[in-house]
Amino acid sequence: SLQHTGKPCRPVSGSRASVLQAAAAPFSGQSVSVGVSAGARKASSRQVNVRTMAIKDGETMTRPLRVAVIGGGPSGACAADTLAKGGVEAFLIERKMDNCKPCGGAIPICMVEEFDLPMEIIDRKVTKMKMISPSNHVVDVGKTLSDREWIGMCRREVMDDFLRKRAASSGAKVINGLMMKMDYAGGDAPITIHYNSYEDGAKVGVPKSMEVDLVIGADGANSRVAKDMGAGDYDFAIAFQERIRIPEDKMEYYKDLAEMYVGDDVSPDFYGWVFPKYDHVAVGTGTVVNKTAIKQYQQGTRDRAQVKTAGGTIIRVEAHPIPEHPRPRRIKDRVALVGDAAGYVTKCSGEGIYFAAKSGRMAAEAIVEYSQGGKKMVGAPALNTYLDQFDRKYWATYKVLDILQKVFYRSNPAREAFVELCDDEYVQKMTFDSYLYKTVVPGNPIDDIKLLIRTVGTLVRANALRIGKGPAVTFGAEAKVISA
């Protein structure tokens, strides 16, 4: 093991110089390929890496704490930005710099201020929403919003690019690369990240590696960090989305309006959506219980919205897994998961952007605090602090939305009851206040009792419809065939 002394050395040359360059690599975060001769280079393309010495938690270091953040979405970019601002040497590794994730792209108004987001990355300000039941009963949602309240609609490729560039301006080193594997013996040992570099627009990845002190896995539902740390399996949904450019008169209809469709035709356990973007609408759906039928549900969503999107042209098709619940393990020694990699997507609403950015920032803040601005080694205690704070703040939100999905998304009669409840202004106020500001809003006891009675009543009617024949409702393409 080597400890950097900072003392000047006399010039050296040849293979010894190469070895010294490699020795510097663990302290700079860079990987260095070492060759001792032309023949040796032909015989082997392996990289030589010098390991940093193991450092115990709390020890003062002669170099800044080094953290690799894998994944450059909202969670990873916000983590890297916070780390770099806090004095930590941060490396942000992302393969797809222009990634267009199939995401509704909705963000609460509190996120704009909390994360200092510029208005330029927000395509639309949604002030109206329509909830559409299986029988096409429409409820206008958003009646309780003030003139200054709205839901932001973003394109992920625009938002993520801004967040990565901000992290870079704060001092994070952004690397266009794909992590292949992580070697970590656990405890105080350093962590080696092996990745393929695609810098300078390379089409073929160049194998490289770096040694770091901690790793934050922000690499999505298919996280390789989670796999390498043994985070455990979890169920996931498939999200499918089409971006459709529609005629200007129809785009005018959607300029500040979002639609949410529920019904067995659009998803057996989620909802279909039409969300407005800069010059098009995003039409999509998702499911956990019947992933193989996702295209059928997407067709159902298109059919339900056909009149309002007629004449449109599909400009992009996207699909991606979305986590259904937090992973069994989100922390292991000096490795932490955030965002989708940790499983931070809510049931019922499918919201994930805010919680991704928040979890990345919270993990980074804990590291900065415990390391005293990157001066001391930190490990599991710092990461567990992030986990405890996140769970205390948001556990109730995830639990309530999980219950709502199980109760109201289980059948078409239950979905009819759900849409009926959404017509209640008290429900709308409580829902939007909680969503827009990410705080648990205390309710009025009398109104809470009234809401409970009404909820029980709608569920009783829904159950009666479910046991009986229920309403005869025909959907989508099937309805067109019958009417023809």
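The legends below describe close-up views of a predicted model.

View 1. Seven strands, in the order 6-5-13-14-15-12-16, form an open sheet in which the pairing is mixed. Strand 6 and strand 16 (313-323) stand at the edges, and because each has a single partner strand, one side of each is left without a neighbour in the sheet. Direction ignored, neighbouring strands of this sheet are turned against each other by 20° on average. Helix 8 (residues 294-304) packs on the sheet, where it touches strand 5, strand 12 (236-245), strand 13, strand 14 and strand 15, and the direction of helix 8 makes about 140° with that of strand 15.

**View 2. The hairpin of strand 5 and strand 6.** Strand 5 (residues 128-132) pairs with strand 6 in the antiparallel sense over 4 bridges, and Lys130 stands opposite Asp140 of strand 6. The two strands form a hairpin with 5 residues between them, and Asn136, in the turn, has a positive phi of about 65°. In a regular strand the side chains alternate between the two faces of the sheet. Strand 6 (residues 138-141) has Val139 and Val141 on its covered face, whereas Val138 and Asp140 belong to the uncovered one.

**View 3. The pairing of strand 13 with strand 14.** Strand 13 (residues 257-261) and strand 14 (residues 272-276) are joined in the antiparallel sense over 3 bridges. Within this pairing, Met260 stands opposite Trp273 in strand 14.

**View 4. The surroundings of Thr287.** Thr287 is found in strand 15 (residues 281-287) and is buried, with a relative accessible area of 1%. A polar atom of the Thr287 side chain lies 3.4 Å from the backbone nitrogen of Val289. Apart from neighbours within four places in sequence, Thr287 is in contact with Ala237, Ile238, Ser267, Pro268, Asp269, Ile294 and Tyr297.

View 5. Phe115, Tyr344, Tyr354, Phe355, Phe390, Tyr394 and Tyr398 form one aromatic cluster. The charged end of Arg95 sits over the ring of Tyr198, 3.6 Å from the centre of that ring, and the charged end of Lys291 sits over the ring of Phe236, 4.9 Å from its centre.

Terms used
Residues are numbered from 1 along each chain as its sequence is written. This is a predicted model: local features need pLDDT of at least 70, side-chain atom pairs count only at pLDDT 80 or more; totals for chains, interfaces and linings use all residues. Side-chain values use heavy atoms; hydrogens and water are left out. Buried means under 20% relative accessible area, exposed over 50%, partly exposed in between (1.4 Å probe, protein chains only). A polar contact is a pair of N or O atoms within 3.5 Å; within protein, one must be able to donate a hydrogen and the other to accept it, and residues adjacent in sequence count only if both atoms are side-chain atoms. Contact means heavy atoms within 4.5 Å. Rings of Phe, Tyr and Trp (its six-membered ring) pair if their centres lie within 6.5 Å; planes under 30 degrees apart count as stacked, over 60 as edge-to-face and the rest as tilted. A charge sits over a ring if NZ of Lys or CZ of Arg is within 6 Å of the ring centre and within 35 degrees of the ring normal. Two strands pair if DSSP finds at least two bridges between them. Axes are lines fitted to C-alpha atoms, for helices over the stretch in contact, and angles run from 0 to 180 degrees between N-to-C directions.
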